[in-house]
Every structure is written in structure tokens, then in C-alpha cells.
Amino acid sequence: MRKVAVIGAGKIGSTVVDLLTGSGSYEVLVLDQSASALKALEGRHRVETLAMAIDNPEAVAERIKGCFAVVNCAPYHLTTAVARAAKAAEAHYLDLTEDVASSRVVRELAKDSKTAFIPQCGLAPGFITIAAWDLAKHFDELHDVRLRVGALPRYPSNALNYNLTWSTDGVINEYCEPCEAIVNGKLRETPAMEEREEFALDGVTYEAFNTSGGLGTLCHTLDGKVRNLNYKTIRYPGHAAIFKALLNDLNLRNRRDVLKDILENAVPATMQDVVIVFVTVSGMKAGRLMQETYVNKVYAQEIYGELKSAIQITTAGAICAVLDMLADGTLPSTGFIRQEDIALPDFLANRFGRYYAPQDATLLRAAAE
């Protein structure tokens with residue numbers, strides 16, 4: 001049984017704890033600065049909790065010494081502190097961050113590390129990159145790679161057509177920060193919330209627009225190898241227009257604490273959500289212009305007798321699957337590991353990755369001229 005440190009006891013961190021301890025293969029030390037957040041985990045079998053500040057790498061490193069790995073589920077602004085603590089403690093490091101700047105620091109930390117550093121192990125970035133890379137490898141020449149992901153309420157009932165399903169800080173960050181993309185063969189930054197499009201899936205109309213961080217390292221992996229590559233977040237129509245008014249017209253992009261307070265006190269959370277994963281790749285294959293598409297929907301469900309939202313399941317399931325593959329030797333044990341280095345069949349075959357392969361999932365590989 002391996003001991004793992006989980007940093008952060010929020011919605012995702014607590015689900016990671018449930019999955020790891022429920023598997024019977026891990027015991028968990030949970031660190032969070034909030035004693036009240038840890039209270040719900042106290043007394044659970046194979047779970048130890050510790051309330052402490054997370055922004056001091058030296059103090060955190062001292063507490064996590066002897067752990068096999070650190071699973072970082074803390075807010076994105078604590079990413080680099082936790083990564084430095086993991087390196088000092090010589091523990092493997094995994095995180096969920098969508099923050100581009102933080103991921104660059106993690107990559108630097110991995111260069112001379114004795115352990116593995118695997119950032120961006122969630123849904124997007126994370127699984128979406130694994131699925132896109134699996135499709136891209138089928139082509140002789142890549143033209144366009146489009147990644148679309150959304151965590152949506154099943155029953156929206158407000159003007160935003162949205163309910164809070166995960167980190168408010170994370171949502172605001174991805175709506176405000178620049179986005180990486182490849183446009184006409186050139187790596188560039190594009191503004192968040194722009195390039196809105198509409199599409200229909202199973203009779204439902206959605207909108208999608210640029211958001212930051214969803215591509216992970218894929219831009220750099222495919223630089224010079226693809227004509228167009230982009231990532232967009234899926235929402236119901238009307239969401240982007242209202243949010244752009246909040247960010248731009250009311251200048252709340254420069255008052256993020258105010259925006260967070262408004263959202264968390266006005267927009268209800270929900271456990272009744274759906275996660276949509278939609279990847280389309282086109283290019284040349286055996287002399288023909290072809291297209292392949294991966295589509296999947298994941299819904300909220302019970303895990304070990306407790307209802308978990310779709311975003312909890314997909315995010316926590318993804319990072320637990322990567323941890324499991326690291327533990328069983330499927331993944332290298334040192335250096336920087338990209339999501340593209342993880343094989344889709346291996347991921348879906350994993351006991352945690354299987355949550356991405358429900359019976360109603362569809363894998364559509366449709367050729368089009």
C-alpha cells in the first residue's frame with residue numbers, strides 16, 4: 001500500500017481521496033489550510049488529515065516526506081509552491097492546473113528531478129489531450145485539431161445557463177488569461193472568450209469559445225506539424241455574451257475577488273451535471289482527406305454510495321488513473337511526462353480511467369472527403 005499526499009480537500013480533492021482509499025491500494029495524507037474543509041474527511045479509514053498553510057514549500061515538504069506521490073488539488077495560484085515541496089521531498093508530482101504560467105515552472109522543476117512530474121492531469125487539460133493525441137496519430141498529415149470540453153448543468157435555469165460545478169477561481173482564470181493555439185501553422189496567443197461558435201450534439205445546441213489552459217503541452221508537441229489547433233469551452237448559448245459584459249464592461253476581470261464573491265453567492269452549485277468531450281481531427285490519410293471524431297458524455301453517478309458530479313468524477317478519475325499507471329510502472333518514474341505520453345487504451349483500461357468509458361459513450365470515427 002502506497003502513501004499519497006493529497007493537497008486540497010475541496011470537491012475534487014475529496015473525490016480523489018474517496019477513489020484512492022476505496023481502491024484498497026493507497027493510504028492518504030490530506031493537507032489543507034482550512035480545518036473545516038478537512039473535517040468531512042476526519043475518521044475515514046486510511047485517511048490522515050493535517051490543517052496547515054500550503055504556500056510554504058519548505059513546511060509542506062517536511063510534512064510529506066516519505067510519500068510516494070503528491071496529488072495537487074489546490075487552487076492554481078498554489079501550484080508552484082506545492083510542486084517545489086514535492087521536489088524537495090523527492091515525491092512524484094501530479095496536478096490539475098490549467099494555468100499556463102504555473103505549468104511552465106513545473107516543467108523547469110522536472111528537468112533534474114529524481115521523480116516524475118506530471119502536470120495537467122485532469123479533464124482539460126488532461127484527458128482531452130490524451131484523446132486528441134490518439135486520433136492525431138492515425139493521420140499521415142494533420143490539418144485541423146479541434147478540442148471542445150464542457151462541464152454543464154443538465155437543467156440550467158438562469159440567464160447564464162450555468163451552475164457552479166467546480167473551482168470558481170479556475171473558471172475565472174480560464175475566462176481571463178490568454179489562450180495558446182496554432183493558427184495557419186504558427187503558434188500564437190489568442191484572447192479568451194473570443195472566436196465563439198455554435199454546434200449541435202444529440203439535438204442540443206451549444207456554443208464554444210476560447211479559454212485558457214485546455215491544451216496543456218499539445219501546442220508545443222504539434223508545433224510545425226498541424227495547420228490549426230485550438231481549444232474551446234462548451235456552454236449553452238448566451239453564456240459568453242453575459243460573461244463578457246461582466247469581465248469587460250463592468251471591468252471585473254481586474255476585480256476577480258469581487259467577481260468570485262458575486263458568482264458564489266448568486267449562482268447555485270449543482271450535482272446534476274454532464275461533462276462533454278468532443279475532439280475532431282482532420283487531415284490526410286493514405287492520400288485521402290479524412291476526419292475522425294471522439295465524442296463522449298459523462299454524467300453524475302454514485303461512487304462508493306455517495307453521489308459525485310460528472311466534473312468530480314472526470315477530474316479526479318483522470319488524475320487517479322495517471323497516478324495508478326505511475327505506480328504500476330506503465331509510466332516513467334523520472335522527469336517531465338506529458339499527457340501525450342499516456343496511451344488512450346491504457347488510460348481507459350485503468351480502474352479509475354474507466355469512468356471515461358461508460359456504456360453510453362460513443363466513439364465515432366467518421367471519414368469525410
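1. Glutamine 120 lies in the loop between strand 6 and helix 6. Helices (H or I, at least four residues) and strands (E, at least two) are DSSP runs, numbered from the N terminus. The phi of glutamine 120 is near 60°, a positive value in a residue other than glycine. The loop between strand 6 (116-118) and helix 6 (127-136) also holds proline 125. A cis peptide bond links alanine 124 to proline 125, with omega about 5°.

2. A word on the source. This is a predicted model: local features need pLDDT of at least 70, side-chain atom pairs count only at pLDDT 80 or more, and totals for chains, interfaces and linings use all residues. Residues are numbered from 1 along each chain as its sequence is written, and side-chain values use heavy atoms, with hydrogens and water left out.

3. Look at helix 1 (residues 11-23) and helix 11 (residues 310-327). Their axes come within 9 Å and cross at roughly 55°. Axes are lines fitted to C-alpha atoms, for helices over the stretch in contact, and angles run from 0 to 180 degrees between N-to-C directions.

4. Which residues make the contact (heavy atoms within 4.5 Å)? Helix 1 uses Lys11, Ile12, Thr15, Val16, Leu19 and Leu20. Helix 11 brings several, including Ile311, Gln312 and Leu323.

5. Now the largest pocket. It holds about 1,000 Å³ of space. A pocket is an open set of points on a 1 Å grid over the protein atoms alone, where a 1.4 Å probe fits, with protein on both sides within 12 Å along at least five of seven lines; lining residues have an atom within 4 Å of a point. Grid points are joined across faces, edges and corners, and a volume is the space filled by probe spheres set on the points. Of its 48 lining residues, Ile12, Cys73, Pro75, Trp166 and Ser167 are closest to the centre. Helix 7 gives the most to this lining, with 4 residues.

6. The second largest pocket has about 220 Å³ of space. It is lined by 17 residues, with Val100, Glu180, Gly216, Thr217 and His220 nearest its centre. Helix 5 (100-110) supplies the largest share, 5 residues.

7. A cavity is a set of points where the probe fits but cannot get out. The search finds 1 cavity of 30 Å³ or more. Gln120 is among the residues that line the largest cavity.

Note on methods
Contact means heavy atoms within 4.5 Å.
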